[in-house]
Amino acid sequence: RRVHGEFGQLLDLTSQKLNEPIDLNRFTIERYIGIVKYKAAFYSFYLPFACGMIIAGVTDVALYNTAREILVIMGEYFQIQDDYLDNFGTPEVIGKIGTDIQDNKCSWLVVQAL
């Protein structure tokens with residue numbers, strides 16, 4: 001499943017071509033969902049939970065499928081909130097200075113604005 005995270009990272013890093021003008025057409029909801037699903041939702045939500053299930057001895061594939069469905073949705077909502085806070089949150093509250101827009105990231109706010 002590591003390939004999910006790598007695929008999401010690839011989508012994120014290739015949102016814009018290097019050393020070329022910004023192409024706003026590359027900021028699509030499909031790209032955003034792919035980045036979020038494979039980079040954030042699988043890596044940060046489903047995979048840690050699935051590891052716990054493996055350690056606990058869970059073998060029912062249906063339980064893994066249900067967990068994946070629920071946790072990927074949670075991961076998507078988490079990333080949307082993170083994108084919002086990256087732009088509107090204060091460093092004192094979120095613990096960082098948000099630079100997604102300056103870094104030409106395919107973020108929720110950019111996709112919705114376009």
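**Contacts and surroundings in a predicted model**

Arg-31 is a buried residue, its relative accessible area being 18%. Where does Arg-31 lie? Its place is in helix α2. A polar atom of the Arg-31 side chain is found 3.1 Å from the backbone oxygen of Arg-26. The reasoning behind the word "buried" is brief: the label applies under 20% relative accessible area, and Arg-31, at 18%, therefore receives it.

Let me turn to confidence. Across the protein chain the mean pLDDT is 85, and 86% of the residues reach 70 or more. Which elements have the lowest and the highest mean pLDDT? The lowest mean belongs to α1, at 58, and the highest to α3, at 94.

My next topic is the aromatic side chains. How many aromatic pairs does a search of the whole structure find? The search finds five. One of the pairs is formed by Tyr-38 and Phe-42, whose rings are stacked, with 5.8 Å from centre to centre and 10° between the planes. The angle explains the name, because planes under 30 degrees apart count as stacked. How far apart are these two residues along the helix? Tyr-38 and Phe-42 are four residues apart in helix α2, which spans residues 29-55, and that spacing means a separation of about one helical turn.

A second pair brings in another helix. The ring centres of Phe-45 and Phe-78 are 5.5 Å apart and the planes meet at 55°, so this pair counts as tilted. Which parts does the pair tie together? Phe-45 belongs to helix α2 and Phe-78 to helix α3, residues 61-88, so the contact joins parts that are 33 residues apart in sequence. Phe-78 is partly exposed, with a relative accessible area of 40%. To close the aromatic part, I note that ring pairs also link Tyr-38, Phe-42 and Tyr-46 into a cluster.

I now come to the charged side chains. Side chains of opposite charge can pair when their charged atoms come close. In this model, the count of salt bridges comes to two. In one of them, the side chains of Asp-82 and Lys-96 meet at 3.9 Å, N to O. Asp-82 sits in helix α3 and Lys-96 in the loop between α4 (91-94) and α5 (108-113), and the pair thus links distant parts of the chain, 14 residues apart.

Is Asp-86 buried or exposed? Asp-86 counts as buried, with a relative accessibility of 6%. Through shared partners, the salt bridges join Asp-82, Asp-86 and Lys-96 into one network.

Helix α3 holds a further residue for this talk, Leu-85. Leu-85 is partly exposed, its relative accessible area being 32%. The C-alpha atoms of Leu-85 and Ile-97 are separated by 9.8 Å, while the two residues are twelve residues apart along the chain.

Let me continue with the surface. Which residues form a nonpolar patch there? The patch consists of Ile-22, Leu-24 and Leu-114, which together have about 290 Å² of accessible area. Ile-22 lies in the loop between α1 (2-13) and α2, and this isoleucine is partly exposed, with a relative accessible area of 47%.

I finish with a point of backbone geometry. Asn-104 is not a glycine, yet its phi is positive, at about 60°. Asn-104 is located in the loop between α4 and α5 and is partly exposed, at a relative accessible area of 28%.

Terms used
Residues are numbered from 1 along each chain as its sequence is written. This is a predicted model: local features need pLDDT of at least 70, side-chain atom pairs count only at pLDDT 80 or more; totals for chains, interfaces and linings use all residues. Side-chain values use heavy atoms; hydrogens and water are left out. Rings of Phe, Tyr and Trp (its six-membered ring) pair if their centres lie within 6.5 Å; planes under 30 degrees apart count as stacked, over 60 as edge-to-face and the rest as tilted. Buried means under 20% relative accessible area, exposed over 50%, partly exposed in between (1.4 Å probe, protein chains only). Patches are made of residues with over 30% relative accessible area and no salt bridge: like charges are joined within 9 Å, nonpolar side chains (Val, Leu, Ile, Met, Phe, Trp, Tyr) within 5 Å. Accessible areas come from the Shrake-Rupley method with a 1.4 Å probe; for residues, only the protein chains shown count as cover. A salt bridge is a side-chain nitrogen of Lys or Arg within 4 Å of a carboxyl oxygen of Asp or Glu. A polar contact is a pair of N or O atoms within 3.5 Å; within protein, one must be able to donate a hydrogen and the other to accept it, and residues adjacent in sequence count only if both atoms are side-chain atoms. pLDDT is the predictor's confidence in each residue, from 0 to 100.
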